[in-house]
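Let's take a walk through a protein model together. Keep the picture open as you read, and look up each part as it comes along.

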Amino acid sequence: MTNHSETTGPSENGDITYDGPGPEHQVTLRTPAELADALPYLLGYPPEDSVVLAALHDQGGRGRFGGRARLGIPPNPADWPSAARQLAQGLIAGSERRGAKPEQMVAFVCQEPSPGETGREVMLRLRPLAQKLRTECGRLDVPVIEALCISAGRFWSYCCPSTGCCPDEGLPMGLPGTSVLAAAATYAGIRVRGSLRELRARLLPRETGADRGQESALDAANRSLVPRILDEDRRAEVAAQTLDLAERVMRRFAEVPFLAEAPAADLRDDALLRDEEAASLILGLQDRTTRDRAAEWMEGDEAGPALRLWRALARRCVGPYGEHAAAPLTLAGWVAWSTGDGIEAREALAMALGADPDYLFARLLHQACNEGLDPESVRRCLRTEREARPRPAGDEADADGPAEGPAPEGDSGAGGAQSGGGAGGVRGGGGADGGVRQDAPPAGDDADAGARSATAHSDRAATRAVPEAAPTRRRRRLPDGSGAAVHPASRSTRPAPPRGGRTRPGPSSAPSRTRSRAAEKGAPARRQDARQPGAGLRRHTPEGRA
């Protein structure tokens, strides 16, 4: 039990050390108030509706912060025991894989009061969750030496029984930016970003009246592009046009002045991207080969504009096209991870898995990012592929030329919109796509090969950020609505090049709905409701399941 009349910590003098970028940025925390103030700096953002565990390692008689793990607080208290078990086991197992089991833990539960609720009532309501955390950590021989609840600008300790140092009304948090740790972080150049809610807002479709125009553009792109992507003789042409359009838009983004305010910058990027362009890019990226080529824009001067483009495309995944956001969200997560922003990377990849739980590239990157692995192995693989590929004549497109995507055939109707995202067209299989099993990757999936290499030495017990709502599944009908079975071709007949993608039928009837798992060999394929746009697409390419 912690004695708050003295100090908090695992050692005799109760000190806990927070290591900054170097030894000169080391800060010692001695009280529960300092621990509470340190949480945003431990995570890199102020947590909301979160349960957090921070590992402590002994270092010369002082506790040194090690790994941290966070989960959203499950709304149903019946799920708290499993959440506490997952958090404790994942963090301790991950620490052991990195070479040192933590000696002790610090736990935090953070949630703002609901309307009519007080901070103290939040503390009392979350007490069973804090107790579950203490129990699960203790069961693994890693005691929790402090457990704090942070709510309504105040904090409470679940470990201290004294009302003298821990009154029932709690203690006020310090003003942001005034703690010793805040000063040290400022000196070291460490920035605490906005909340995760603000970060997710940059990747979610905006609820505006322009959604209908973007959805119309996606419908038109679906009708014109999907037949061409399904045609092996014309798939490479669509891929080249998609990548050329992406490069044009990236140059357009790079030419405008920098804006520090994220909402204003995102609105400007939305204005620079036309509905038809967004629709062509979203549909084109559903092909895994095209997506893997786009993943090569991961560093240097290309990374910034590429990340802005992938965010903008994710925001355009509107209405029934929400499933197709998996591709741009995965690319956004990959570029963020490659450039050192693990926070945005984890959130974008978790959102990609929320859009499509079977998206293999997102799943592999999410695992590697959560385990703290180095993205260089993936970068090296993509660099090698890029350098080995012959550069076609006329590759340098005229930046002032028309920024058009794959040329549509037939119907090209589109409207104007701000948000949209992938619906009904071709979905790139392989690489990042969940339709491919890990034990049988298609030949030449460079991005996936790099991600597999990055995660090959670790097991599946890594701590994961769980998508907050489990997407529903749906069954699909054939184009004629008959529901007859379609059997994918055998994997053994799949040629290596050209690499094609699994096809995604038309948009779903709800924005957040996701497709069911790929049919096992010889089992009926999933069916698409014939009433949906794009229902006439085939589920499988001539290559077989991708």
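We'll begin with the whole chain, then turn to helices, salt bridges, loops and a cavity.

First, some ground rules: this is a predicted model, where local features need pLDDT of at least 70 and side-chain atom pairs count only at pLDDT 80 or more, while totals for chains, interfaces and linings use all residues. Residues are numbered from 1 along each chain as its sequence is written, and side-chain values use heavy atoms, with hydrogens and water left out.

The chain's secondary structure comes to 16 helices and 10 strands. Both are DSSP runs, numbered from the N terminus: helices are H or I with at least four residues, and strands are E with at least two. The chain has 546 residues, and 54% of them are buried. Here, buried means under 20% relative accessible area, exposed means over 50%, and partly exposed is in between, using a 1.4 Å probe and protein chains only. How much of the contact count comes from residues 24 or more positions apart? Among contacts with a separation of 6 or more, such residues account for 79%. A contact means heavy atoms within 4.5 Å.

Now find helix 13, residues 342-355. Its 14 residues reach 20 Å from the first C-alpha to the last, close to the 20 Å expected at 1.5 Å a residue. The expected span is 1.5 Å times one less than the number of residues. Is helix 13 mostly covered or mostly open? It's mostly covered, with 13 of its 14 residues buried. Ala352 sits in this helix, and at 0% relative accessibility Ala352 counts as buried. Which residues does Ala352 touch, leaving aside neighbours within four places in sequence? They are Ala326, Leu329, Thr330 and Ala362. Ala362 is 10 residues away from Ala352 along the chain, and their C-alpha atoms are separated by 6.5 Å.

A salt bridge is a side-chain nitrogen of Lys or Arg within 4 Å of a carboxyl oxygen of Asp or Glu, and a search of the whole structure finds 25 of them. One of these joins Glu347 to Arg200, with the closest N and O atoms 3.0 Å apart. That pair links distant parts of the chain, since Glu347 is in helix 13 and Arg200 is in helix 5 (residues 196-201), 147 residues apart. Glu347 is buried, with a relative accessible area of 7%.

Another salt bridge pairs Arg308 with Asp269, and here the closest N and O atoms are 2.7 Å apart. This pair, too, links distant parts of the chain: Arg308 in helix 11 (residues 303-315) and Asp269 in helix 8 (residues 262-272), 39 residues apart. Arg308 and Asp269 are both buried. Stay with helix 11 for a moment: 12 of its 13 residues are buried, so it is largely enclosed by the rest of the structure. Among those buried residues are Trp310, Arg311 and Arg315. The end C-alpha atoms of helix 11 are 18 Å apart, in agreement with the 18 Å that its 13 residues should span at 1.5 Å a residue.

Asp374 pairs with Arg379, with closest N and O atoms 4.0 Å apart, and Arg379 counts as buried at 12% relative accessibility. There's also a network of salt bridges linking Glu296, Glu302, Glu385, Arg386 and Arg389.

Next, a look at two loops. Asp141 lies in the loop between helix 3 (119-139) and strand 6 (144-151). Its phi is near 65 degrees, a positive value in a residue other than glycine, and Asp141 is exposed, with a relative accessible area of 62%. Ala152 is found in the loop between strand 6 and strand 7 (154-157). Phi of Ala152 is also positive, near 55 degrees, and Ala152 is partly exposed at 40% relative accessible area.

Finally, which residues line the second largest cavity? They are Ile229, Arg235, Val238, Ala239, Thr242, Gly284, Asp287 and Thr290. Helix 7 (residues 232-255) gives the most to this lining, with four residues. On a 1 Å grid over the protein atoms alone, a cavity is a set of points where a 1.4 Å probe fits but cannot get out, and lining residues have an atom within 4 Å of a point.

Note on methods: On a 1 Å grid over the protein atoms alone, a cavity is a set of points where a 1.4 Å probe fits but cannot get out, and a pocket is an open set with protein on both sides within 12 Å along at least five of seven lines; lining residues have an atom within 4 Å of a point.
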